[in-house]
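Here are some friendly notes to read beside the model.

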Amino acid sequence: MAKKINSPLEKKSAGLRPVTKKNLVTLGIVTVFYVLFQTLSSLGVLKNAYQSLLVPICYSVIMAVSLNLVVGVLGELSIGHAGFMCVGAYCGAFFSVVTKNSFEIGWLRFLIAMIIGAVAAAIAGFLIGIPVLRLKGDYLAIVTLAFGEIIKSVVNVLYIGRDDAGFHIAMDSAKVGLQEGGVMILNGPQGITGTPRNSNFTVGFILVMLTLIIVTNLMDSRTGRAVMSLRDNRIAAESIGVNVTKYKLTAFVISAAIAGVAGVLYAHNLNALTANTNNFGYNMSIMILVYVVLGGLGSIRGSVIAAALLYSLPEIFRGVGQYRMLLYAIVLIVMMIVNNGAFFVQYKEKLKHRIRGGRKEAA
Amino acid sequence: MKVKQILALVLALVMCFALASCGEKKPTDTPSDTPDVTEDAPQGDVSFEKEGVIKLGGIGPITGDLAQYGVAVQLGAELAVAEINAAGGINGYEVAFKMEDDTGAADIAVNAYNALKDWGMQTLVGTVTSTPCVAVSAEAVNDNMLLLTPSGSSIDAISAGDTCFRVCFSDDNQGIVAADYIADKGLATKVGVIFNSSDSYSTGIKDNLVAEAAKKGLEIVATEAFTNDNATDFSAQLNNVKDAGAELVFLSMYYTPASLLLKQAKDMGYAPIFFGPDGMDGILGMENFDTSLAEGLRYLTPFLENATDDATVKFVESFKAKYPDRASYLNQFAADAYDAIYALKAAYELADVTPETSVSDAGNLLKDALTKVSVDGVTGTAMVWSADGEPQKQPRVAIINNGVVEAA
């Protein structure tokens, strides 16, 4: 399988730019993994425990890549990214639950839910981005953290029900005032239950590929270069006429929209959607930041690998029982030290050199 | 420099492997020195008539904020399994119980469920907390696996299908029972409620308490909310219920925030009657908690350690004998889990389910059998289940007197 994917690349590679080649390799790696795990799972070889990790890995990867757009490419530290995932998850799940019985075609409903989730998260990103992006550095980080928490808190006090008269929205469950036969859709901290479970590995894979294509192409575009110039030297960029607000907002909104899609994928993977610190609060935001930092700021391929690896580690450690989370923490520390250590960096460089050297000789 | 780094790396790796091998020896992660019931051959001289093992899985928070509940369920279930095995097992087969950690999160619980399926679980005793139970019950219904949660009390926890049952009361039932008790005993007429609005357990009980209070002629003078993120300062909420003239304050929450709240109430000199749901159970076992603060606190509980009925006495004795240094886990969660295993035993025996029965067939047989058995357990005598999975038993109210939990 791996050969099939690589062969057309090699033929063309002489004419491809290094950036394009690098991106294609990333897409190739993801495809190989998809084909491998999809085959294993359809053959029934893959354990149930690993099968249930496939979709979560997909949304972790999407979250990491989208946050990398803000942290790595735009160079602004955002630690409220899970908030956008939350917006996407709730809007998408709300739509799906409302139309569950009236919409016959499952995939189309799921697609619309995705679009709704992405648009809602983008709007949230836009509204939040206007005040937030006026700040810099630590201040920006803290304000994004606060906005992430606000989003989580808001969905926890919202009660939305539906009866024959239409929708009822309240901040208190007693005041929703549903008629006989009415149904609560969003039930405060109990969240949304009964979301149709449309997420699967194939959908997750398609979304990961789309995310990668969007983000890598954005980075390689005029807009992307403008965004990166802001990161590298804001004053110099401004002096040559780069519109700071416009490009900052563009990157922020695109990143939020992608996070919204990840949220929709999350919401349709479980039928119990609640917002707490571990899934949409700062714990999650920090976790995504860890994926991005470990993978390397600005490195899309790094984000993909780090997210997939770090999400699955706690599950792989199930064998050690109660020491699971302790072991995870230790491995995380070791990885952070080693990944950044002089020894490993040198080794990576050497390895890169060898691979490149080998290719040149072959050519 | 380089040498140091390599050395650090090697040492870290050694530590990891050491930990990993520690774990492998005891895959059930029983945090005690008791014999391992799940993996080892039958203990002592009990010999089982038949080959094969009945595999029961458990899911709950073994690590994290809610670990107190998960570990209690694990200990209670393992105690029951050890007793059953010592008495010859179920239908002549040995019973194995394996607990997996979900840290209280729905997505991790589904992962844990799948890991247990790989192990060969036939019936699930779990999950311990409500939200994960909603997600896992959907999976269990998909596989037509019988799910008996010891303590998942939200309405949705077992509404996914007809193979889902629970041992504890539902939140609905708790709120209603609490309001009835307050009204019938004439404890108070003006009631204030403080609840955690970011927690489904707290809001579920509060909603039903408020609804039932209206029917019973109780006046709810104030309902004050807090969230997980500001669960450290309750002075605003306490002042509001005090100003509203509440004679009784219903603490619709778990005991961790309640312990802080009681401290702050004492500091401001406010001493109404405090009443809580079963989440208060375990408050006296908290580390560094001044037990005098909880004096006079009343709460609903299905299990009282110093009750005098035979089942409770026997359970308490064997629990203390098996886990001498873990007495703080002797609470209703352990009792619920203990009863869950015995309820399953009764159902397995009635339906004559064996390890060879497929998960789906076992689900069909057991869901019928569970509605036909009557179990005399620690959390209530003559417990029976209806087809919707709800148990029927009499609730009890506990009061803390001189640092001891007593029946009120």
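1. A word on angles before we start: under 35 degrees counts as roughly parallel, over 145 as roughly antiparallel, 65 to 115 as roughly perpendicular, and the rest as oblique. Axes are lines fitted to C-alpha atoms, for helices over the stretch in contact, and angles run from 0 to 180 degrees between N-to-C directions. Helices (H or I, at least four residues) and strands (E, at least two) are DSSP runs, numbered from the N terminus.

2. This is a predicted model, in which local features need pLDDT of at least 70 and side-chain atom pairs count only at pLDDT 80 or more, while totals for chains, interfaces and linings use all residues. Residues are numbered from 1 along each chain as its sequence is written, with chains lettered from A and ligands numbered from 1 in the order in which they are written.

3. Now to the helix pair. α3(B) and α4(B) pack with their axes 8 Å apart, at an angle of about 40 degrees; they are therefore oblique to each other.

4. Contact here asks for C-beta atoms, placed from the backbone, within 7 Å. On the α3(B) side the contact is made by Ala106(B), Ala109(B), Val110(B) and Tyr113(B), and the residues from α4(B) include Pro132(B), Val136(B) and Glu139(B).

5. Chain B has 11 helices and 15 strands. Of its 408 residues, 53% count as buried, that is, with 20 or more other C-beta atoms within 10 Å of their own.

6. One open sheet has 7 strands with mixed pairing, in the order β7-β6-β8-β9-β10-β14-β15 (chain B). β7 (219-226) and β15 (404-407) of chain B stand at the edges with a single partner strand each, so one side of each lacks a neighbour in the sheet. Strands pair if DSSP finds at least two bridges between them; β8 (residues 248-252) and β9 (residues 273-276) of chain B do so in the parallel sense over 3 bridges. In β9(B), Phe274(B) is the bridge partner of Val249(B).

Definitions and conventions
Two residues are in contact if their C-beta atoms, placed from the backbone, lie within 7 Å. A residue is buried if 20 or more other C-beta atoms lie within 10 Å of its own, exposed if 12 or fewer, and partly exposed in between; C-beta atoms are placed from the backbone.
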